[in-house]
Amino acid sequence: MKRLKINIKQRRDIMREVLTTCTADCPGTCSMMAQVDNGRITNLQGNPEHEITCGFICGNTRNYLKKRFYSKRRILHPLKKEDGNWTKISWDEALDITANKIRNACENYGSQSILYYQGYGARTALRIINRRFFNLLGGVSTLYGSICGGTGQAGQEMDMGVRLSHDPTDHLKSNVILIWGRNPAVTDIHLWKIILNARKKGAKLITIDPVSSETAKRSDIHLQPAPGSDGFLAMAMTIILLKNGCLDEKFITNHTKYFKDYVEFLNDYSLNELSKITDIPLNELYEITRLYATGNPSSIILGWGLQRYQQSHLTFRFIDALAAITGNIGKTGGGVSHGFDEYGYFDHQYALDVQTPNQRKIPIPIAGKSILKMQDPPIKLIFITAGNPLAMLANSSRVKKAFQSVDDVIIVDHILNDTADVANLFLPATTFLEDEDLVGSYGHNWISPLNPVIEPLGESRSELMIFQELATKLGFKDEMAGSPRDWLSKLANPIIDEGITLEELLKKPHRFPSAPITPFSDGNFKTKSGKYEFPGKSNIKNGNIKLNRNYRQNNEFNLRLLSVSPREWIGSEIPENEHGTGVLSLQVHPKVLKEKNIEEDEEIWLESQQGKLLVKVKKNAALRTDYVLTNRGGWKNYNKCVNILTSDLISDCGNGAPYYETFVKLKKKR
């Protein structure tokens, strides 16, 4: 018995819990506890002391250890490609090769011949120091724009000067919650829990989405407008508000500008016309407008689906106007909430961007065609961290061609993904479970710590360490020197200035103290006028919305292609078993299949003007007949990359990626 007690004590000594945070491309940024037993992480569970994530983590994170961290697919040593095959090499050789390639590109073509591609796979504070490395080279080619949130942000900046969302908990004070182009039941489970709690308290839940999503199915009302017609729907609601005198005249008079211009703009449209364009009956338009106007307060939560069109900034502006007209801007339980700036809490001066003001910028939505056209100098080396552009960027065939056109592609990642196919050097990175760092969120105003749970597996190294070792070989060691904690003490200055020490930040998550619960409650906006600015004939930029009245295409490519995030993975971080066998699954309305004489589970060609993809069709009567639906994030290696079909375009404002401007046709196999 005595021996047994000793063993129990010894086991307690080697079992421990470490607080850390998920860094996946997800608004949740879940705070969690990692359990360690004898040097091995055995379990991940939510941290109950976080106000937003509340001790719950999604299935992707619960299964992260098995499906990614300890997966056989994870690469734990540097690789070099020789004759098309990957060969294991030492870190010394890998760093020498990398440093020589960087040096040769700079000396022979100039530093702008290097493209640094910082992806969305992890966006922590220390990634800012990655930029410092490339700026110390003299400034390289970098990316601007967004494949997700830039277009909507641009629209809200035109209206309010800055994009600021209500704290998620503020929706608990809403009487009506309108979710527009978003599926938080799948893509933001913590926000969804708050919404459900608000509904239990009596709030009405309205979802506007052409897709019958999990969120829509749990809503009191679901409207399915024609894809791309959301701006027209917001305009119709505004016209109804004006007709019925549902205005907050005090707010409009004291805190807004260009209201009369907006009314004049709307006079060019009739409700019957807007009803026809949106395919929403007038009685339904009147009903949701009545609910929204009488909610007092009513909140609107906007999603990423709204941004995937050419003129999405206008859609956001017309939706913002609903809140402004009814006085829901600056009101507790109201507002129009879209997202948060996860990097806004950190001090970016240490990236040294000011030292290279003339660095060349490439728009990420059209990166493929831009790289192919680039001259003086051409792109000769692409360095990628936390990204899988060949899977996630539009017109992936052109992106692949562009990457193959350069001399070298170096990738820092955990597994060999689609992009690794065009790389010739792979550097194995650590994960959030092996790093010390800080991370913000684009779903709430909390900053959370990453504490190293165990030592890095195999030969994996942090991105900071990789860039520091490269700096040593390239002659600027001192400028990159410093431990993770040293750099975090500088990067976290804006948070420290709010009265939270770095030591406190690393112990537990903190809400940024000065972040507003209810933005614009003081009636002051960040626009030039200091007021909310309505869109109007005089200030609608970059294109006239009238051009979109006939947005449906009448040629053979007459089905809009929508691709959404599934529950089973995030971005392109797809577990091996989820890749599966066979081809990409495509959901189609039965009426469309009948017209094309296509059967359930039949394999057909899905074609766009960019390419074609073999798919297996599935009937879904909950869809509209003017679009088809599939999942985003699939890999070309598994014949599931939907971006083989998507158009590489750039939005009118915000430098966004209008994926949903892609039209397709169904073609039977011969």
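Helices and strands here are DSSP runs, numbered from the N terminus. On that numbering, Arg 123 lies in the loop between strand 6 and helix 5. The model is predicted.

Not counting residues up to four places away in sequence, Arg 123 touches Thr 23, Asp 25, Glu 342, Tyr 343, Val 439 and Tyr 442. One of these contacts, Glu 342, is also a salt-bridge partner of Arg 123. The closest N and O atoms of Arg 123 and Glu 342 are 3.1 Å apart. The pair links distant parts of the chain. Arg 123 sits between strand 6 (114-118) and helix 5 (127-136), while Glu 342 is in the loop between strand 13 (336-337) and strand 14 (361-363). Along the chain, Arg 123 and Glu 342 are 219 residues apart, yet their C-alpha atoms are separated by 7.8 Å. Glu 342 is buried, as is Arg 123.

Side chains of opposite charge can pair when their charged atoms come close. How many salt bridges does a search of the whole structure find? The search finds 29. One of them joins the side chains of Asp 159 and Arg 317, with an N to O distance of 2.6 Å.

Is Lys 668 buried or partly exposed? Its relative accessible area is 27%, so Lys 668 is partly exposed. Elsewhere, salt bridges form a network that links Glu 556, Glu 607, Lys 665 and Lys 667.

Helix packing comes next. The axes of helix 10 (residues 230-243) and helix 14 (residues 282-295) come within 9 Å. They cross at roughly 70°. Angles of 65 to 115 degrees count as roughly perpendicular, so helix 10 and helix 14 are roughly perpendicular to each other. Their crossing is right-handed. Helix 10 contributes Leu 233, Ala 236, Met 237, Ile 240, Leu 241 and Lys 243 to the contact. Helix 14 contributes Leu 285, Tyr 286, Ile 288, Thr 289, Tyr 292 and Ala 293. By class, the contact of helix 10 with helix 14 has 10 nonpolar, 1 polar and 1 charged residues.

Helix 12 (residues 259-266) packs on helix 15 at an angle of about 125°. The axes of helix 12 and helix 15 are 13 Å apart. The angle makes helix 12 oblique to helix 15. The crossing of helix 12 and helix 15 is left-handed. Phe 259, Tyr 262 and Phe 265 of helix 12 meet Phe 318, Ala 321 and Ile 325 of helix 15. By class, this contact has 6 nonpolar, no polar and no charged residues.

The backbone also has features to note. Most residues other than glycine have a negative phi, and most peptide bonds are trans. Which peptide bonds are cis? A cis peptide bond joins Asn 296 and Pro 297, with omega about 10°. Pro 297 is found in the loop between helix 14 and strand 12 (298-302). Another cis bond runs from Asp 376 to Pro 377, with omega near 0°. Pro 377 lies in the loop between helix 16 (367-373) and strand 15 (381-385).

Asp 83 is not a glycine, but its phi is positive, at about 55°. Asp 83 lies in the loop between strand 4 (79-82) and strand 5 (85-88). With a relative accessibility of 80%, Asp 83 counts as exposed. Ala 386 also has a positive phi, near 55°. Its place is in the loop between strand 15 and helix 17 (389-392). Ala 386 has a relative accessibility of 17%, so it counts as buried.

Notes
Residues numbered from 1 in each chain as written. Heavy atoms only, no water. Salt bridge = Lys/Arg side-chain N within 4 Å of Asp/Glu carboxyl O. Helix = DSSP H or I, 4+ residues; strand = E, 2+ residues; numbered from the N terminus. Buried < 20%, exposed > 50% of the residue type's maximum accessible area, 1.4 Å probe, protein only. Axes fitted to C-alpha atoms, helices over the stretch in contact; angles between N-to-C directions. Parallel < 35°, antiparallel > 145°, perpendicular 65-115°, else oblique. Left-handed = near helix turned anticlockwise from the far one by under 90°. Contact = heavy atoms within 4.5 Å. Nonpolar A, V, L, I, M, F, W, Y, C, P; charged D, E, K, R; others polar.
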